[in-house]
Amino acid sequence: MLRSAMVDPQLALPQRGLWGDAARRLRRNRPAMVGLFCIALFASAAILAPLIAPYDPYAMNGSSLDAPSLTHLFGTDLLGRDIFSRVLYGAQISLFVGVGAVAIALVIGGALGAIAGGFGGRVDSVIMRTTDVFLSIPSILLAIGIVTALGRGMPQLTLAIAVSYAPTFARLLRGSLLALREADYVVAARTIGASRLRILIRHMLPNALTPLIVQATLVLATAIIDIAGLGFLGLGPSDPRTPEWGTMLVDARQFMQSAPHIVVFIGGSIVISAIGFNLLGDGLRESLDPKLKR
Amino acid sequence: MGRYVVRRLLAAIPVLIGLSVLLFAYIRILPGDPCVAILGQKRTPELCAALRENLGLDLPLWEQYIRYLLNTLSGDLGASVVNSQPFMAEFLTRFPGTVELTIGALIFALGVGIPLGRLAARKVGGRIDGLITGVSLFGVSIPVFVLGLVLVAIFGVILEWLPTQGRIDARARFEATSGLLLIDTLFAGRLDLFVDVVRHLILPSIALGSIPLAIITRITRASVIEVVNEDYVRTARSKGLKEKTVDNRHIMRNAWLPVTTVVGLQAGALLGGAVLTETVFVWNGVGRWVVDAIQNRDYPIVQSTILIFALIFLIVNLLVDIGYALLNPKIRYQ
Amino acid sequence: MKNLRIGAILGALLMVAAACSSAPAGKAGGTLIVALPGDIVRTDAALMDDSNTSYVIQQVVETLVGLEPGSTSKVVPVLAESYEMSADGLTYTFKLRSGIKFHDGTDFNADAVVFNYERYIGLPTELRDYAYYIGDIFGGYGADSNLESATKIDDLTVAIKLRKASSTFLLTQTLQVFAIQSPTALVLGKADNTETDISKVTAATGGAGAMVGTGPFKFVKWIVGDSVEVEKNADYWNKDKVAYVDAIVFKAVAEEAQRVNGLATGEIDLAQTIAPATIATIAANPDLQLIDRGSSFNTFQISMNHTYAPISNPKIREAIAYAIDYDFLIKTFYAGAAVRATNWMPAGVAYAKDLNLPGYDVAKAKALIAESGETDLTIDFWYPNDVTRPYMPDPKGLFEAISANLEAVGFTINANSDGWREGYLDDEGQGKYEMWLLGWTGDWAGPDNFLKTAFFGYKNGAPSKEFGYKNDALDKAMNDALAAGSESEAKALWETAQDLIRADMPTVPVANSKPQAAATIDLKGFIGSAALNEPLNLVWLDRP
């Protein structure tokens with residue numbers, strides 16, 4: 001919901017040839033490419049962690065709080081575990097939970113938005129009032145409430161984040177669909193007697209997805225930050241040994257004076273991943289927005 | 001205008017009802033006995049019986065809901081499981097802290113964000129624009145708790161410029177009246193303590209304000225760029241008005257509209273961010289309280305805080321919408 | 001199992017000795033900022049059971065009797081001038097000091113003492129769960145209480161009558177729980193047994209009538225969740241010990257990082273407890289001092305419940321004891337401020353002997369597991385996620401390290417955690433945990449306090465639900481030891497008890513820690529006590 005103000009549903013007006021066009025423009029957008037690079041870094045760290053991590057992230061194989069060195073790139077934590085390996089595995093958690101949560105939010109929010117925008121009327125207002133309820137609760141507080149009720153753990157964490165984002169997606173898709181209702185080709189389809197469902201699925205949805213994609217990219221940045229935030233509040237994975245970034249930060253902060261590099265490395269990883277998704281999201285928006293066509 | 005306000009108020013009613021249903025359900029979907037959830041481990045059969053009676057836990061659900069609604073409307077929002085203090089009294093002692101913090105963050109975000117946005121818009125495409133865009137990108141990408149830890153380390157521990165915890169120097173033993181220390185210290189004529197309170201506010205406000213700062217900078221930049229080429233601005237310029245006048249009268253007046261909306265939308269994010277910021281800065285506000293409540297499984301506190309935060313969010317947005325309507329007469333006719 | 005360390009054991013009276021020796025008077029004035037690991041819970045001495053609350057309350061209210069300096073068993077008068085026990089051991093007569101006033105201006109006298117003791121007997125059912133120690137020590141309330149009556153003989157004489165003789169009665173009356181509060185205030189604060197809803201007992205919730213005692217500090221206010229403020233009692237009855245500082249603000253600072261930062265920036269004068277992991281940071285800062293609290297008075301152990309498999313198998317428990325890298329734990333989490341436990345009680349406790357406990361030996365652990373015949377080596381292991389304790393400075397870190405040790409020898413650990421107050425203590429006490437981290441800080445320095453009260457005594461004639469540890473011979477030996485007629489008999493019985501425990505390895509004692517405090521160098525006159533019995537009236541601030 002943080003970013004909902006920033007995506008304009010009106011931007012959902014693309015025609016078929018747009019994608020190739022957009023891709024070309026995206027490639028020329030330098031910030032977006034930097035973003036893509038950050039994401040590639042983050043994603044490969046996450047996916048390749050088992051291959052590239054020099055140590056078992058759970059094993060105590062160094063002495064306590066070693067400074068960064070060639071043996072331990074980011075140094076070791078209090079228990080003598082390799083921080084670099086833990087940061088890599090932490091990326092895995094952030095990526096899986098983040099992508100999982102955003103995907104679930106997209107499905108739930110998308111379905112609700114499609115129903116609301118596609119059918120309108122009473123269904124629409126019920127769905128919209130429901131999203132209003134959820135949007136009135138600060139997203140992190142909503143996630144906190146859900147995790148405290150369901151108990152700590154990765155599935156709960158994913159669900160909590162998903163629920164707090166879904167309403168934004170629902171509103172966004174509905175907005176785009178409403179804007180498309182009067183589009184020429186939709187009116188045309190209607191006049192030739194296509195069914196409402198067919199119009200929704202064949203004509204409106206594909207064209208309404210653009211802002212959703214942009215928003216999903218931006219929300220991934222927020223998701224990574226929120227996951228770490230919940231971890232920081234002690235609501236992360238139920239097993240404290242799990243190398244989750246927020247949980248690791250809690251441990252690291254007590255050494256802020258004696259070993260500040262730990263906070264910097266972990267905090268930096270969060271920032272770089274979030275910057276990546278933010279840059280790409282902005283780039284996508286710009287390249288998908290025909291108004292900005294040069 | 002009056003009709004518009006009434007319409008907006010009426011529109012809030014279904015949301016409030018939905019919210020109450022959600023929070024009513026919350027306590028009941030918690031695993032285990034609601035008696036445990038509400039009274040904690042120190043419950044006795046007597047207390048449980050009294051609670052069951054009070055909440056009507058043996059009644060049909062809809063009757064329980066009506067009771068919850070009536071209790072809530074009468075201001076009875078439950079009590080802490082841990083120290084038995086009633087919610088409302090406790091909330092009110094902490095709320096001023098959160099208010100000061102969020103206002104501090106907003107002032108920081110607006111005070112720095114708008115000038116930065118205008119500057120970037122004037123130098124659009126240039127190096128300064130790039131730098132400002134970069135800073136704002138960093139602002140939305142850094143978690144408040146990471147920024148908070150870094151600020152504390154640099155400005156508190158290393159440079160020793162600013163205090164790192166609490167709202168006021170505890171040694172002053174200042175007796176707050178309203179709880180809004182900025183106002184209380186002024187009324188008490190304690191300028192030294194007022195300065196102290198401001199100093200305590202700086203780091204947390206920056207940490208909490210970083211995200212709205214980034215967003216406000218971008219919005220200001222975007223809306224200034226948008227109106228700068230509008231006809232009326234050109235006309236104003238061609239009339240030979242001073243650049244400053246054009247800026248203030250013509251450009252900013254229009255740029256204010258989206259900024260106002262964003263402030264409304266950010267109210268929720270600010271309250272949410274306060275939870276983390278207060279934890280980092282040992283700030284005696286609602287956010288830190290909720291974190292304690294979560295750790296103590298103090299569900300009544302969590303439940304009622306969510307309710308109040310949501311109410312605040314709705315009210316702020318109502319005010320923003322009304323302000324928006326005042327600023328933009330077109331709205332009224334829609 | 002509470003961890004309240006009330007009672008004036010070691011340190012309290014070391015203070016007295018220190019006060020006498022450090023004759024050069026301190027500097028009066030200033031406000032002392034003390035960081036506690038958590039907020040206080042209540043403001044009524046009788047209704048408390050946690051160490052944060054007792055740390056604050058000990059500054060404000062006082063008991064009839066305390067313990068002599070350096071002794072853990074010799075009782076000396078405080079508010080009482082003298083006392084005597086009747087021949088049958090059932091009646092204790094206390095002569096009270098005259099001329100003492102409570103902070104509310106009312107007189108401390110026999111009526112006040114009677115009022116307090118009658119309150120213990122007649123505490124309303126609804127409030128009894130909040131008064132852990134009273135029920136525990138007197139065995140119940142009303143007719144079930146071993147406290148039969150408290151009677152005023154004259155204005156300054158009180159007779160307290162017991163139903164059964166108890167050799168530990170006087171010792172237990174040194175606990176802070178039995179501090180005497182002003183009856184006028186208790187009535188005002190609805191703590192006179194008329195109110196059953198704890199939230200309306202303002203004496204306990206920081207409102208009217210809260211914490212009105214006779215001590216060197218007076219209660220000012222409690223900002224719940226944040227801080228408690230007390231101020232100097234200029235009219236303190238003990239003229240030699242009137243407080244130096246004008247006031248103390250106790251701040252709840254849960255995060256170690258914030259405590260260390262606060263000390264470094266001068267926002268905190270004294271951190272009551274610091275994590276050993278940050279000892280190096282503090283030692284390196286010339287503006288700060290570390291405060292040693294002398295010998296250890298606690299035991300940290302890996303607790304186990306014998307009703308679960310594979311814990312029920314003694315070979316498995318022995319294997320677990322061999323699997324732990326004790327030196328690593330002590331070095332990493334205690335920064336050396338702890339010793340390897342050689343017994344279930346710390347070395348200073350009477351009759352404690354070196355039990356030659358297993359050391360770190362992976363091969364031996366694996367061999368024992370193989371011998372045990374157990375195949376399912378999965379263990380549910382719990383730690384508290386929101387507190388640190390003096391014996392357990394970093395529960396999560398200890399949990400992680402111990403888990404790694406156990407998995408290294410073949411166990412599979414299911415990680416679990418819960419909040420300390422609302423869940424953890426109750427669930428482990430109810431026997432819901434298979435393995436968990438817990439320890440004990442002594443209330444008094446008798447072996448019974450550790451071996452029986454804290455750990456393995458039968459509850460209501462059966463093995464405690466907590467450990468599910470059945471050993472009738474042990475229970476009998478401990479009971480016999482308490483009733484033993486002679487010192488030598490007691491010694492023999494307690495040694496037998498220790499051997500019985502060692503043979504079964506019911507839990508794995510890990511360390512006896514020496515929790516450190518840290519302060520700015522300006523803080524003078526502070527003497528730490530392993531039992532956290534640290535009156536702050538003799539502390540002063542050496543700053544302009």
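Where chain C meets chain A in this predicted model, the contact draws 20 residues from chain C and 15 residues from chain A. Contact here is a matter of C-beta atoms, placed from the backbone, that lie within 7 Å of each other.

Let's look at the chain C side of that contact. Four elements of chain C each give at least two residues to the side that touches chain A: helix H8 (256–265), helix H9 (279–283), helix H13 (395–408) and strand S16 (412–418). Of these, H13(C) provides the largest share, with seven residues. Sorted by class, the side of chain C that touches chain A holds ten nonpolar, seven polar and three charged residues.

Now turn to chain B, where the contact to follow lies between two parts of one chain. Chain B splits into domain 1, covering 2–73, and domain 2, covering 87–327. Taken over C-alpha atoms, the centres of domain 1 and domain 2 of chain B are 32 Å apart. Twelve residues from domain 1 of chain B and eleven residues from domain 2 of chain B make up the contact.

On the domain 1 side, the elements of chain B that contribute two or more residues are helix H1 (2–29) and helix H2 (34–39). H1(B) gives the largest share of the side of domain 1 that touches domain 2, at nine residues. What classes of residue does this side of domain 1 of chain B have? There are eleven nonpolar residues and one charged residue, with no polar ones. For the side of chain C that touches chain A, by contrast, the list does include polar residues, seven of them.

Terms used:
Residues are numbered from 1 along each chain as its sequence is written. Chains are lettered from A and ligands numbered from 1 in the order in which they are written. This is a predicted model: local features need pLDDT of at least 70, side-chain atom pairs count only at pLDDT 80 or more; totals for chains, interfaces and linings use all residues. Domain bounds come from an automatic or database domain assignment. Two residues are in contact if their C-beta atoms, placed from the backbone, lie within 7 Å. Ala, Val, Leu, Ile, Met, Phe, Trp, Tyr, Cys and Pro count as nonpolar, Asp, Glu, Lys and Arg as charged, and the others, Gly among them, as polar.
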